[in-house]
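Subject: The structure I promised you

Hi,

Here is the structure we talked about, with the sequence alongside. Have a look at it first, and then read on for what turned up.

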Amino acid sequence: MLRVLGLDLGTEAVYRLMLEHPSWGVDRLAEALDTDRPTVARALDTLADLALLRSTETGDASGALRLVPPRAGLGALLERRQNELARTQLEIDASRAAVADLLSDYAALGRDPRDGVVERFRGTEAVQRLQTDLTGRARGELLALAPTTVSGGGPWEIDVPLHLDLLARGVRVSVLHLDSTGGTPERRRAVRRLTQAGAEIRTLPSLPLQLRIVDGASAALPLDPDDPDQGAVLLREPGALTGLRALFTHLWDQAEPLPDADGETGETAAYSPQERALLRFLAEGLTDEAAARRLGISLRSERRMISGLSERFGAHSRFQLGLQAARSGLV
C-alpha cells in the first residue's frame with residue numbers, strides 16, 4: 001500500500017509492527033515477523049533513509065530507535081512524492097510540446113504555405129509525405145486519378161497496403177488509371193488486389209494529371225502536371241474542390257470498367273467494399289465484435305450485414321458463408 005512512498009512490503013510490515021510495539025528491538029521484531037535479523041535491519045535502514053525512523057541518545061544507551069510520528073513522517077513523504085510527480089508532469093508537458101514542434105517541422109519540410117486553404121509542397125519526399133498523410137486520413141471516400149506515366153514508381157504511385165487498409169475500414173476507393181494492358185505484371189497484380197478488396201477501378205486511354213480527393217474536403221495535385229514528382233499543391237478551397245470533383249466524375253463516366261480476369265465474374269461487383277471486407281474478416285476467423293470494430297460500425301449493423309449476405313448466398317452458417325464467398329472469388 002505504501003510502495004509508492006518507497007516502502008516495500010517487508011519494510012511496511014516492520015513499520016506497522018513498530019507502531020504497535022515501539023519498544024521492541026530487532027530480535028523481537030524478527031521473531032514476531034518470522035524472519036531474520038538482517039532482513040529487519042535492512043528494513044530499519046530503509047525507514048531511516050525515508051526519515052521515518054531516527055536514533056536517539058540517552059544517558060545509558062546510544063543509538064536507540066524511535067519512530068517519527070506517522071502524521072509528520074508519512075506526510076513529509078507524501079509531499080515529497082507529490083513534488084516529484086509535479087516535476088515529472090512538467091517534464092512530460094515540455095516533451096509533448098517538443099514532439100509537437102518536431103512533427104510540425106517534419107510535416108512542413110518542403111512546404112510553402114500561402115494561406116489556410118492552399119499549401120505547396122516541393123521535392124519528391126515532401127510529395128510522398130503529403131500523399132501518405134492525405135490518404136491515411138480518408139474516412140469516407142478517396143477519389144484518385146492515377147496515370148501510369150512514371151516508370152519505376154514515384155510519390156504519386158498507389159500505395160496498395162495503405163489503400164487495402166482504407167477498404168478494410170469501409171472507405172470507398174475509386175481509382176481512374178491508364179489502360180493497364182501494357183503495364184507491368186506487378187502493376188496488374190496490384191490492381192487486381194485492390195479490385196478484389198472492393199476498390200472501384202476504371203481505365204481511360206489518357207488522363208490529364210495526377211489527382212487525389214479525400215472526403216470531398218482536401219485535394220492534392222501536381223504543381224506541374226508534366227513533372228509531377230517535383231511538387232504538389234494541397235487545396236481545401238470549396239470552389240476548387242467542386243470543380244475537381246466534377247472533372248473526376250466526367251472522366252469516370254467516360255471510363256471503362258476493368259475486364260474480368262483469372263476467373264473473376266461480374267458477380268463480385270454486386271457487393272460493396274464494406275461487404276467484401278466483412279466477408280474477408282469472417283474468412284480470417286474474426287469474431288463479430290472484432291469485425292464490427294474493424295469496419296467502424298455497430299455490432300447490430302455488422303450482424304444485419306451477415307444476415308443479408310447469408311440470405312444472398314443461401315448460407316445457413318458463418319462457415320457456409322465464408323465457403324461460398326471464397327468460391328465466388330470475394331475473399
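Before the details, one cut-off: a residue counts as buried when its relative accessible area is under 20%. Keep in mind too that this is a predicted model.

With that cut-off, take Leu207. Its relative accessible area is 13%, so Leu207 is buried. It sits in the loop between β7 (200-204) and β8 (211-214). Leaving aside residues up to four places away in sequence, Leu207 touches Leu145, Ala146, Pro147, Leu176, His177, Leu178 and Leu251. Pro147 is 60 residues away along the chain, yet the C-alpha atoms of Leu207 and Pro147 are 6.0 Å apart.

Now the overall picture. The protein chain has twelve helices and eleven strands. Of its 331 residues, 37% are buried. If you take the contacts between residues at least 6 apart in sequence, 65% of them join residues at least 24 apart.

Thr11, Val14, Tyr15 and Met18 of α1 meet Ala43, Leu44, Thr46 and Leu47 of α3. Sorted by class, that contact has six nonpolar residues, two polar and no charged ones.

The other is α10 (residues 288-295) with α11 (residues 299-313), whose axes come within 9 Å and cross at roughly 105°. Here again the angle makes the pair, α10 and α11, roughly perpendicular. On the α10 side the contact is made by Asp288, Glu289, Ala291 and Ala292, and on the α11 side by Leu299, Glu302, Arg303 and Ile306. This time the classes are four nonpolar, no polar and four charged.

Last, helix α12 (residues 318-327). Which of its residues are buried? They are Leu321, Gly322 and Ala325. These residues cover an arc of only 95° around the axis, so they lie on the same side of α12. The face turned away from that buried side carries Phe319 and Arg327, both exposed. At the N-terminal end, Ser317 caps α12, with a side-chain oxygen 3.1 Å from the backbone nitrogen of Gln320.

Cheers

Notes:
Residues are numbered from 1 along each chain as its sequence is written. This is a predicted model: local features need pLDDT of at least 70, side-chain atom pairs count only at pLDDT 80 or more; totals for chains, interfaces and linings use all residues. Side-chain values use heavy atoms; hydrogens and water are left out. Axes are lines fitted to C-alpha atoms, for helices over the stretch in contact, and angles run from 0 to 180 degrees between N-to-C directions. Helices (H or I, at least four residues) and strands (E, at least two) are DSSP runs, numbered from the N terminus. Angles under 35 degrees count as roughly parallel, over 145 as roughly antiparallel, 65 to 115 as roughly perpendicular and the rest as oblique. Contact means heavy atoms within 4.5 Å. Ala, Val, Leu, Ile, Met, Phe, Trp, Tyr, Cys and Pro count as nonpolar, Asp, Glu, Lys and Arg as charged, and the others, Gly among them, as polar. Buried means under 20% relative accessible area, exposed over 50%, partly exposed in between (1.4 Å probe, protein chains only). The arc is that of the directions from the helix axis to the C-beta atoms. A polar contact is a pair of N or O atoms within 3.5 Å; within protein, one must be able to donate a hydrogen and the other to accept it, and residues adjacent in sequence count only if both atoms are side-chain atoms.
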